[in-house]
Amino acid sequence: MKKLILSALFLNAIVFAQSVDYNFEQYISNYTNLNNPISINSNLIWDDETYNINLGFDVKLFNITTQNMIITGRVNLNVMNLSMVNSIVASNADLVDRGLHTDELVSLSPISYQIDELNGSKVLKVEWKNAGFYIDDENRNYVNYQIWVYENSNRIEIHYGPSNTDNFNYGWLNDFCAVSEMVSQQEAHSFMVQEINNEFNFSYQNVDEIFTVSTFTKIPEEGTVFCFYPTNQVSLKENEKFGAIYPNPVRQFLNIENQEREKIDYKIRSLDGRIVQKGTSSLGKIQLNLAGLKQGIYLLNYQTNKIEVKKYIAKL
């Protein structure tokens, strides 16, 4: 089995809003196993296998629209157009079927999918259940993932389920999460989640065959959701709970629609972690004055007693 080695070469880490194709949010939601899904690996032990999923509806990832998604080895979904490949990478860790480390002849780590409907649109949900690690000969560690891809909005969600990685150094695995567009045989654009100072952070990178990524030292806790959605869409949690956050990019006033008039605690951080603005409000429309902030990318974190959402804001 081939192992991917990443080297330490920093490339563009930050861009401004006109270049950003995806927004990002992180929140907590109950993780639920798929209900009566369709098997992908057909109860066979897997290790770097390739599988095709025929959706029956269109999804678009960057510039490629397709009804077919491809799994290639790791926890990922790919779309192809001739020689170009765009990817959703939920995990770069070298995962395998836990049956590989036993004398069993059947899979212990099913890969499956189902297609649900939400508000008149379809949602593809792909699940890696009880997956193990190639380097774990004792077969004591496991992870659970789901990737959700939405019709029409083309929103992407990475859901983290129960895991056990206590028995080895998870930081060895070069793990990260990304949505990537291949622009040539030598170059790609990636919207990535990396671990920096013990927190998961969103960034944009222009990458070549050797690129920098600050990999995970721990797997995100159960229930964590990383959500990538195109900049012309409104996030799922905003639709459900708060309504819109606008405008983004922003020059002066940033508005948060709080339709249920819940108490919201908010903080705005610069990318080096400094809190530049914070407060609490229960107004139906919360207006934040960002005129005093320098041009750049900031992280807005807001929460109620039920939900916490992180969103990147571009200040012009």
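This is a predicted model: local features need pLDDT of at least 70, side-chain atom pairs count only at pLDDT 80 or more; totals for chains, interfaces and linings use all residues.

1. Which residues of β15 lie on each side? Thr 224, Phe 226, Phe 228 and Pro 230 are on one side, while Val 225, Cys 227 and Tyr 229 are on the other. Both faces are covered, as the residues on each side are all buried. As background, side chains in a regular strand alternate between the two faces of the sheet.

2. Now for the partners of β15. Strand β1, residues 22-28, pairs with β15 in the antiparallel sense over seven bridges. If you want a spot to look at in your viewer, Phe 24 has Phe 228 of β15 as its bridge partner.

3. Strand β11, residues 156-160, also pairs with β15 in the antiparallel sense, here over four bridges. In this pairing, Ile 158 stands opposite Phe 226 of β15. Phe 226 is one of the buried residues listed in point 3.

4. On to the cysteines: how many disulfides does the structure hold? The count is zero. Cys 177 is buried, because its relative accessibility is 0% and the cut-off for buried is under 20%. Cys 227 counts as buried too, at 1% relative accessibility, and this residue belongs to the β15 side that also carries Val 225 and Tyr 229.

5. Searching the whole structure gives five salt bridges. One of them joins Glu 117 and Lys 122, with the closest N and O atoms 3.8 Å apart. Glu 117 counts as exposed, at 56% relative accessibility, whereas Lys 122 is partly exposed, with a relative accessible area of 29%.

6. Another salt bridge links Glu 138 to Arg 140, where the closest N and O atoms are 3.1 Å apart. Here Glu 138 is exposed, with a relative accessible area of 57%, and Arg 140 counts as partly exposed at 43% relative accessibility.

Methods. Residues are numbered from 1 along each chain as its sequence is written. Side-chain values use heavy atoms; hydrogens and water are left out. Buried means under 20% relative accessible area, exposed over 50%, partly exposed in between (1.4 Å probe, protein chains only). Helices (H or I, at least four residues) and strands (E, at least two) are DSSP runs, numbered from the N terminus. Two strands pair if DSSP finds at least two bridges between them. A disulfide is a pair of cysteine sulfur atoms within 2.5 Å. A salt bridge is a side-chain nitrogen of Lys or Arg within 4 Å of a carboxyl oxygen of Asp or Glu.
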